[in-house]
Protein chains: 2
Amino acid sequence: MVLTRLASEPKKFQVLLGTFIHSKSRAELEYIHNAAVAVDEGGKIAAIARECGSLTAARDEVLKQTGWAEGDVDMVECGEGQFFFPGFIDTHVHASQYPNVGIFGKSTLLDWLEKYTFPLESSLSDLAKARKVYTACVRRTLSHGTTTATYYATVDVPATNLLADLCLSLGQRAFVGRVCMDRQEICPSYYRDESTEQSLHNAKESIAHIKKIDPSYDLVSPILTPRFAPSCTAEGMNGLSAIQKKENLPVQTHISENKGEIQLVSDLYPGSGSYANVYDSHGLLTPKTVLAHAVHLTEDEATLISSRQSKVSHCPCSNSSLTSGEARVRWMWEKGIEVGLGTDMSGGYSPSILEAARQATLTSRHLAMQIEDEALREKSKLTVEEVLYLATRGGALCLGLGEKVGGFEVGKQLDAQLIGLGCVQDDGLRAGEGEDAEGVDAGNVDVFGWESWEERIAKWLYNGDDRNTKRVWVRGRLVHSRR
Amino acid sequence: MVLTRLASEPKKFQVLLGTFIHSKSRAELEYIHNAAVAVDEGGKIAAIARECGSLTAARDEVLKQTGWAEGDVDMVECGEGQFFFPGFIDTHVHASQYPNVGIFGKSTLLDWLEKYTFPLESSLSDLAKARKVYTACVRRTLSHGTTTATYYATVDVPATNLLADLCLSLGQRAFVGRVCMDRQEICPSYYRDESTEQSLHNAKESIAHIKKIDPSYDLVSPILTPRFAPSCTAEGMNGLSAIQKKENLPVQTHISENKGEIQLVSDLYPGSGSYANVYDSHGLLTPKTVLAHAVHLTEDEATLISSRQSKVSHCPCSNSSLTSGEARVRWMWEKGIEVGLGTDMSGGYSPSILEAARQATLTSRHLAMQIEDEALREKSKLTVEEVLYLATRGGALCLGLGEKVGGFEVGKQLDAQLIGLGCVQDDGLRAGEGEDAEGVDAGNVDVFGWESWEERIAKWLYNGDDRNTKRVWVRGRLVHSRR
């Protein structure tokens, strides 16, 4: 049975009891056992009791720290072998392309856009269709533990506003971007902004709508979204940059995904020097800019992006599926660039950031295969810990949420998931399996009982799916649960 | 709810009604609608009625063809949007390593064997532990639609025999191999055959056991299993070759997985010329030999393997995880080598051949990224259709089962799965979802309703999992089902 509740307010306070696991650094996960996390009525972590020897002791300790009466508190206790983990952060996802996941054939970026993507996006000006697609997308990503999503919608204002409404009502933290495509000779005639003026007007319309429904952008924020340099005019990008400066808004776009695309940018912006320079010279490389892909960046581009403190969304599923290439995460880290993970649906086939993390380890190994020097080859590989960092704290830093979410610390908001794995009994069956059993489908992870916590986390990374995500909270609100 | 039944005999005859999809060729899937497949009491397909306009007409047609009375027949009808697909064939899987799936850190083949693999395999001489591990493995792979598995067990005879017993009782078609490791100076002292003589004796013991429990090898067959050249002596391999010739048994081993391994083989067999030559000169390159990995084969080795009609098991999950390399499936096809897919648990992290197929498409794209010439690059990529061929008919041909399983044809046995995908309703929810719903977990594939059959199959390949495998039959027997 799958039970997805709409966002519901907690009793008054909440205390989560059990094992908490989060990134201590890029290289290291921290395992906090017999712990209690107290969450206040605003969804903020008010106190944490760590390593108390027992859950009872942890509960008592955290109630003492907060001074809360037990009767005012919803207690949420981990089951055996379960643990709390920070919610996942998807730094690049096209909600409007969700129905096309897995459908890409042998295409690469530019023909994929023409053949599969623009027709679908265009069709979402039908608001009934948009509601169906966006509802399914938000619910599905929540069920995979995505507590923050950075969405591309479409060029259509009402449909984009609908996506923002749905994120708010379903309780997902989101950045929602109306897509700007004002370059008439490049964008398809059936799917583009009518003019640069119209494009900027529509961007503002969408911002105004989100300001109306969530005035402080507590849960849903607008994000300026020039699709990518080829679909935008210089005037359009300059106009978005002006809005960015005035409103201090985040920006998202694509960069250096595919060699044909890079050539196109070079043709359209002669003398620009590089793809990154195009954005920079139009004022779009800001500390609040998230650049998706960054597969083929030059040294100079990486240095420029780093100096502007812009961020990168690594989308390994997409980059492998569309044969775009293999982005070098460790190289970007060494350049000082913060990196997060993106599903990039539907260039990427999966709604799951856990799958993106899994594919990030594999892509790093495909990169490693091409390196002769053994030490460099080993270094190239990303570890379990590193990709789970990308999926949580890395993503938070990319989106300017580093102080708000990504780990369990006092003052942060509770964006989290409860994870449960399957346990194999002595007879080789799992609890809930077997003839006539009315059991729960524990998913595709089998824990035999002798594994260390580190090994359980590795098992979850490589075989986990939405069945292991038992509950999801955003700002302390339960937004998804399943048996 | 997950309901896995032990193998149970059908009523007398069975008729499956609905849409049947299977490989027509490597490049093409065939979609057969309004069809009926009649299965006799031996699990064999007795008649097929195709494209009859309606399921009723198909049922009537097939009953007419067979002359069966309706009362003697169990009717199995596809639900809306469901389809029958051939069972998956796993041509390389270490049942004994199942508990280690996902646990490999940054290791590569040789250190992975020492650190993770040999200690676990060795521990399965404890038969209670072996029963737990093997039961879980067989049940899990069945639940993913694997109707035929080619297993490595361990060096231990009783535990190997137990695996064969379990395959028979749980109803999975299997090749079960006792692992031969008789090279004293290379194999760990705690995990090896005592001597070459003992190794060959134990191989025969295991064969004798399987001959006793399944005399015609109808469901379970022994398979000669020299682990890989480094762990075997020349005498050991010659001895296995003699058994092979006498008993006409299949053979499985590893080849050319990792560069360090290739160097080791070259050191241990000086003057052999190549890794493939080592097996050939010891009589082990036969038409019934399945070679796992084949990542770094030379042109000469591929030509030799092709001339011997030996087969290759492609294990993309494993080869990416252990940074072994990228096997060139299309190149092997062009050399005339038949290829199947292997999960290679636990070098590979997943029990699912659907995941192996998915990773086969991605690995082919990582290969393509390294090719400058556009036409060659495009050609390198494997399609949805091609990897599903590898997963079914390709695997069948690798195991000498080409006439028996892999597709829906009269005279073949019914090794099949019923696949169901999730359907998104107009409100964006799926049937069975929502507050207080007592629904079925339809999995991670969302069908919106406008997709073609080809697109549905692509969605299944890229986001499907065991939740989509509703029922599994081997030789006509229902061996797994779920709601």
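Contact, as used in this briefing, means heavy atoms within 4.5 Å. The structure is a predicted model, in which local features need pLDDT of at least 70 and side-chain atom pairs count only at pLDDT 80 or more, while totals for chains, interfaces and linings use all residues. Residues are numbered from 1 along each chain as its sequence is written, chains are lettered from A and ligands numbered from 1 in the order in which they are written, and side-chain values use heavy atoms, with hydrogens and water left out. Helices (H or I, at least four residues) and strands (E, at least two) are DSSP runs, numbered from the N terminus.

**Helix 12 and helix 15 of chain A**

- Helix 12 (residues 353–369) of chain A meets helix 15 (residues 453–463) of chain A through A:Leu354, A:Ala357, A:Arg358 and A:Thr361 on the helix 12 side, and A:Trp460, A:Leu461, A:Tyr462 and A:Asn463 on the helix 15 side.
- The residues of this contact divide into five nonpolar, two polar and one charged; Ala, Val, Leu, Ile, Met, Phe, Trp, Tyr, Cys and Pro count as nonpolar, Asp, Glu, Lys and Arg as charged, and the others, Gly among them, as polar.
- The two axes come within 8 Å and cross at roughly 100°, which means that helix 12 of chain A is roughly perpendicular to helix 15 of chain A.
- Angles of 65 to 115 degrees count as roughly perpendicular, under 35 as roughly parallel, over 145 as roughly antiparallel and the rest as oblique.
- Axes are lines fitted to C-alpha atoms, for helices over the stretch in contact, and angles run from 0 to 180 degrees between N-to-C directions.

**Helix 2 of chain B**

- Helix 2 (residues 109–123) of chain B has 15 residues and reaches 20 Å from its first C-alpha to its last, close to the 21 Å expected at 1.5 Å a residue (1.5 Å times one less than its number of residues).
- A kink of about 45° lies at B:Thr117, shortly before the proline B:Pro119; the bend is the angle between axes fitted to the seven residues ending there and the seven starting there.
- The buried residues of this helix include B:Trp112, B:Tyr116, B:Thr117 and B:Phe118 (buried means under 20% relative accessible area, exposed over 50%, partly exposed in between, with a 1.4 Å probe and protein chains only).
- Strand 7 (88–94), helix 3 (127–143) and helix 7 (259–268) of chain B are among the elements that cover the buried residues of helix 2.

- In chain A, a cis peptide bond with omega about 0° joins A:Met345 and A:Ser346, and A:Ser346 lies in the loop between strand 16 (339–341) and helix 12.
- In chain B, a cis peptide bond with omega about 0° joins B:Met345 and B:Ser346, and B:Ser346 lies in the loop between strand 16 (339–341) and helix 12 (353–369).
- B:Gly347, in this loop of chain B, is buried with a relative accessible area of 0%.
- Beyond its neighbours within four places in sequence, B:Gly347 is in contact with B:Gln97, B:Trp112, B:Cys317, B:Ser318, B:Ser321 and B:Leu322.

**Positive phi values**

- A:Glu51, a residue other than glycine, has a positive phi near 45° and is partly exposed at 46% relative accessible area.
- B:Thr323, also a residue other than glycine, has a positive phi near 55° and is buried at 10% relative accessible area.
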